[in-house]
Amino acid sequence: MYERNLKTLLSSVLPNINANAFYNASMGENSDRVNLIALCRADLQPSQCREYVKNATAEILKMCPNQKQAILWHEFCMVRYSNEAIFGTLAISPMSWGHSGETVTNTVVFYRELNVLLDSLQDHAAFNSFPKKFAAARRDVDDPKHPFIYAFEQCTPDITSEECGDCLNKSAQKIRECCDGARGVRILTPSCYLRFETDQDPFYNESMFETVSQPPKLSIPSPVPQPALQRDGESGGVTCPHWNLGLLLFSLFIFIF
């Protein structure tokens, strides 16, 4: 009976996902009750959203047969189901992540500007974008190789603004722990999604977003040169590591319980 209820709910996502790119439904009683949530990335057009959830609902059923709980993160959407109540409940676990194999040049400057950007997006997504709870923006960086950071944050609409902020904050805290120095990172949880990239062009549809207020870029004065201390016969010098760069691309994560 649980499997039949699950199939019925999954088939109901495509025709019923709303204009906010969100859908939740439940079916069954007691041990046969299924609760389901589906969410598209907020910058998609409705037709794009429906196409992606169509593929995701088919994929999760194929990859997770006979499971009571599962979550699938696609490039552009998430589908989650459980035999426990999930609507309106903050869930930061399981947390998954992925990152680029290429690193930024100056981590001090990069993370200074990234933190400012993510803090601004977190505030906007949680408190100023009802009902979708999302935000995206670009910030300039003093790095000739990676001069821009594009970032995107989104929460499921069913959690509170405070819970959304908490979820995004914990996701941001994970960045340096899992992916230190990476020029592109995605952090995925059941209740929120965070991504940033340093490509020349944004990975999201800019026309779908409001302007997010950000503090001005900080300027750090150049250090005053200090005379080098040398012993007779020695010469000063600096050795810089050379990185062998690669790129990790990914589009799908799935957890089963």
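In strand β4, the bridge partner of W73 is M78. Four bridges join strand β3 (residues 70-73) to β4, and the two run antiparallel. This is a predicted model, in which local features need pLDDT of at least 70 and side-chain atom pairs count only at pLDDT 80 or more, while totals for chains, interfaces and linings use all residues. Residues are numbered from 1 along each chain as its sequence is written, and side-chain values use heavy atoms, with hydrogens and water left out. Helices (H or I, at least four residues) and strands (E, at least two) are DSSP runs, numbered from the N terminus.

- Two strands pair if DSSP finds at least two bridges between them.
- Strands of a sheet pair through backbone hydrogen bonds, either parallel or antiparallel.
- A hairpin of three residues joins β3 to β4.
- Strand β2 (residues 34-40) also pairs with β4, in the antiparallel sense and over six bridges; here N35 stands opposite S82 of β4.
- Six of the six residues of β4 (residues 77-82) are buried (under 20% relative accessible area, with exposed meaning over 50% and partly exposed in between, for a 1.4 Å probe and protein chains only).
- Strand β4 is therefore largely enclosed by the rest of the structure.
- Both faces of β4 are covered, with C77, V79 and Y81 buried on one side and M78, R80 and S82 buried on the other.

**The five-stranded sheet**

- Five strands form an open sheet in the order β5-β8-β9-β7-β6, with antiparallel pairing.
- The edge strands are β5 and β6, each of which pairs on one side only.
- From one strand to the next, the twist averages 10°.
- Strand β5 (residues 96-99) is joined to β8 by four bridges, and the two strands run antiparallel; G98 has R186 of β8 as its bridge partner.
- Strand β8 and strand β9 (residues 192-197) pair in the antiparallel sense over four bridges, and L188 stands opposite Y193 in β9.
- A hairpin of three residues leads from β8 to β9.
- Both faces of β8 (residues 185-188) are covered: V185 and I187 are buried on one side, and R186 and L188 are buried on the other.
- Six bridges join strand β7 (residues 148-155) to β9, and these strands run antiparallel; C155 has C192 of β9 as its bridge partner.

**Helices on the sheet**

- Helix α3 lies across β6, β7 and β9, running at about 155° to β6.
- Helix α4 (residues 161-179) packs on the sheet and touches β5, β7, β8 and β9, where contact means heavy atoms within 4.5 Å.
- The direction of α4 makes about 45° with that of β9.

- Two packed helices are described by the angle between their axes and the distance between the axes.
- Axes are lines fitted to C-alpha atoms, for helices over the stretch in contact, and angles run from 0 to 180 degrees between N-to-C directions.
- Helices α3 and α4 pack at an angle of about 160°, with their axes 8 Å apart.
- That makes α3 roughly antiparallel to α4 (angles over 145 degrees; under 35 counts as roughly parallel, 65 to 115 as roughly perpendicular and the rest as oblique).
- Residues in the contact include Y111, L118 and F127 of α3, and L168, A172 and I175 of α4.
- The residues of this contact divide into 10 nonpolar, five polar and two charged.
- In this division, Ala, Val, Leu, Ile, Met, Phe, Trp, Tyr, Cys and Pro count as nonpolar, Asp, Glu, Lys and Arg as charged, and the others, Gly among them, as polar.

**Helix α1 against helix α2**

- Helix α1 (residues 2-16) and helix α2 (residues 46-63) pack at an angle of about 165°, with their axes 8 Å apart.
- The two helices are therefore roughly antiparallel to each other, and α1 passes α2 in a left-handed crossing.
- On α1, L6, K7, L10, V13 and L14 meet R50, V53, K54, T57, I60 and L61 of α2.
- The residues of this contact divide into seven nonpolar, one polar and three charged.

**Residue N128**

- N128 lies in the loop between α3 (107-127) and β6 (134-140).
- At 42% relative accessibility, N128 counts as partly exposed.
- N128 touches D123 and E210, not counting residues up to four places away in sequence.
- N128 and S161 are 33 residues apart in sequence and 9.1 Å apart in space, C-alpha to C-alpha.

Note on methods
Left-handed = near helix turned anticlockwise from the far one by under 90°.
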